[in-house]
Amino acid sequence: ASGATAMIYVQPRNFTTKKDGDRFTLHLTYDWKLFDDRNQEIAIPKWEQCDPNDRFDFIKFQGAVTEFYQVFRLPLPTNLATGNYRIRVTMTDKWTGKEDRIFIPFFVIPK
């Protein structure tokens with residue numbers, strides 16, 4: 001429903017870690033955009049003005065890492081009409097500059 005929270009689970013692949021002594025460092029950044037059924041972007045100030053720490057991961061691991069996941073809780077606008085939408089999640093590997101995107105479709109039900 002409009003005003004609810006979308007919980008997004010992503011599992012990045014092919015990311016790079018840098019060896020730093022006996023640790024491996026992961027550095028990813030994230031961006032989220034909302035699109036309606038006509039592929040028009042809907043600006044969401046709460047998403048744009050979120051805590052900058054919610055937009056990146058800079059994590060040191062004890063050993064080499066091949067799997068990693070992240071969960072985001074994104075508040076949906078209270079004025080979304082009933083219908084189909086998509087959230088585009090963009091992940092950027094800061095070590096290589098490589099970028100990947102996924103689109104997560106969902107349907108807003110009437111209140």
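This is a predicted model: local features need pLDDT of at least 70, side-chain atom pairs count only at pLDDT 80 or more; totals for chains, interfaces and linings use all residues.
Which residues line the largest cavity? Residues are numbered from 1 along each chain as its sequence is written, and side-chain values use heavy atoms, with hydrogens and water left out.

**View 1. The largest cavity and its lining.** The lining consists of Trp32, Lys33, Leu34, Glu41, Ile42, Ala43, Ile44, Trp47 and Glu48. A cavity is a set of points on a 1 Å grid over the protein atoms alone where a 1.4 Å probe fits but cannot get out, and lining residues have an atom within 4 Å of a point. The count of cavities of 30 Å³ or more is 1. The volume of the largest cavity is about 40 Å³, taken as the space filled by probe spheres set on the points, which are joined across faces, edges and corners.

**View 2. Elements around the largest cavity.** At least two lining residues come from each of strand 3 (23–36), strand 4 (41–42) and helix 1 (45–48). Strand 3 supplies the largest share, 3 residues. Helices (H or I, at least four residues) and strands (E, at least two) are DSSP runs, numbered from the N terminus.

**View 3. Lysine 33.** This residue lies in strand 3. Lysine 33 counts as buried because its relative accessibility is 15%, the cut-off being under 20% relative accessible area (1.4 Å probe, protein chains only). Beyond four places in sequence, lysine 33 touches Glu41, Trp47, Glu48, Arg86, Ile87 and Arg88, where contact means heavy atoms within 4.5 Å.

Technical notes
On a 1 Å grid over the protein atoms alone, a cavity is a set of points where a 1.4 Å probe fits but cannot get out, and a pocket is an open set with protein on both sides within 12 Å along at least five of seven lines; lining residues have an atom within 4 Å of a point. Buried means under 20% relative accessible area, exposed over 50%, partly exposed in between (1.4 Å probe, protein chains only).
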